[in-house]
Amino acid sequence: MGSARRSDLDAVLSVWEIARSPWATTVDDDAGLERLCRHDRDALIVARTGDHVIGAAIAAWDGWRGHIYRVAVLPEHRLKGIGAALVLEAHARLKARGARRVDVAVAAPDETATAFWTAIGYRRDAAMGRFGFPL
C-alpha cells in the first residue's frame with residue numbers, strides 16, 4: 001500500500017471503471033484526481049502488484065471526521081485481503097490526522113459492497129440518513 005503517484009492516476013481511473021459500483025453516480029476523471037492529489041497528496045491510496053495498480057481508495061479528512069471513498073479492487077485480485085488492507089491503511093492515515101470516526105457511503109441495494117464493509121467490521125447506522133446535493 002502506498003500513496004498514489006502522478007503516474008498512477010490513469011491506472012486508478014481504469015481500476016475504478018472496471019470495478020465501479022452500478023450505484024456510483026459521481027464522474028471519475030483525471031482532473032478530479034489531480035485536484036484531490038493537490039489538495040491532499042496522501043489521500044489517494046493504491047495497492048500494487050509489481051508496477052501495476054490493482055486497487056485504490058480515498059481516505060479523506062475534513063478536520064472533524066474521516067471518510068473513505070472509492071474502495072475498488074480489480075476483480076481478478078478480489079478475495080485476497082487487498083480491499084481490507086486498503087481500508088486498514090486508510091484507518092491508519094485518518095487516525096494519525098486525528099479522526100475518531102470513519103464514515104463510508106454505501107448504496108442500500110449494493111449487496112457486494114454491504115457484504116464487504118460488514119465483513120471488515122462496519123455496521124450500517126440505521127439512525128442516520130444521508131442527504132446529497134449535486135453541484
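In the predicted model, the axes of helix H1 (residues 9-19) and helix H2 (residues 30-39) approach to within 10 Å and cross at roughly 120 degrees. The two helices, H1 and H2, are therefore oblique to each other, and the crossing of H1 past H2 is right-handed. On the H1 side the contact is formed by Leu9, Asp10, Val12, Leu13 and Trp16, and on the H2 side by Asp30, Leu33, Glu34 and Cys37. Sorted by class, the contact between H1 and H2 comprises 6 nonpolar and 3 charged residues, with no polar ones.

The largest nonpolar core contains 35 residues, of which Val12, Trp16, Leu33, Leu44, Ile58, Ile68 and Leu86 touch the most other members. Two or more residues of this core are supplied by each of H1, H2, strand S2 (44-49), strand S3 (52-61), strand S4 (66-73), helix H3 (82-97) and helix H4 (111-119). S3 provides the largest share, 7 residues.

Apart from its neighbours within four places in sequence, isoleucine 68 is in contact with Ile58, Val87, Ala90, His91, Leu94, Val102, Asp103, Val104, Trp117 and Tyr122.

Aspartate 8 lies in the loop between strand S1 (2-3) and H1. With a relative accessible area of 3%, aspartate 8 falls under the 20% cut-off and is therefore buried. When residues up to four places away in sequence are not counted, aspartate 8 touches Ser3, Val46, Arg48 and Val53.

How values were computed
Residues are numbered from 1 along each chain as its sequence is written. This is a predicted model: local features need pLDDT of at least 70, side-chain atom pairs count only at pLDDT 80 or more; totals for chains, interfaces and linings use all residues. Side-chain values use heavy atoms; hydrogens and water are left out. Axes are lines fitted to C-alpha atoms, for helices over the stretch in contact, and angles run from 0 to 180 degrees between N-to-C directions. Helices (H or I, at least four residues) and strands (E, at least two) are DSSP runs, numbered from the N terminus. Angles under 35 degrees count as roughly parallel, over 145 as roughly antiparallel, 65 to 115 as roughly perpendicular and the rest as oblique. A crossing is left-handed if the near helix is turned anticlockwise from the far one by less than a right angle, and right-handed if clockwise. Contact means heavy atoms within 4.5 Å. Ala, Val, Leu, Ile, Met, Phe, Trp, Tyr, Cys and Pro count as nonpolar, Asp, Glu, Lys and Arg as charged, and the others, Gly among them, as polar. A nonpolar core is a set of buried Ala, Val, Leu, Ile, Met, Phe, Trp, Tyr and Cys residues joined through side-chain atoms within 4.5 Å. Buried means under 20% relative accessible area, exposed over 50%, partly exposed in between (1.4 Å probe, protein chains only).
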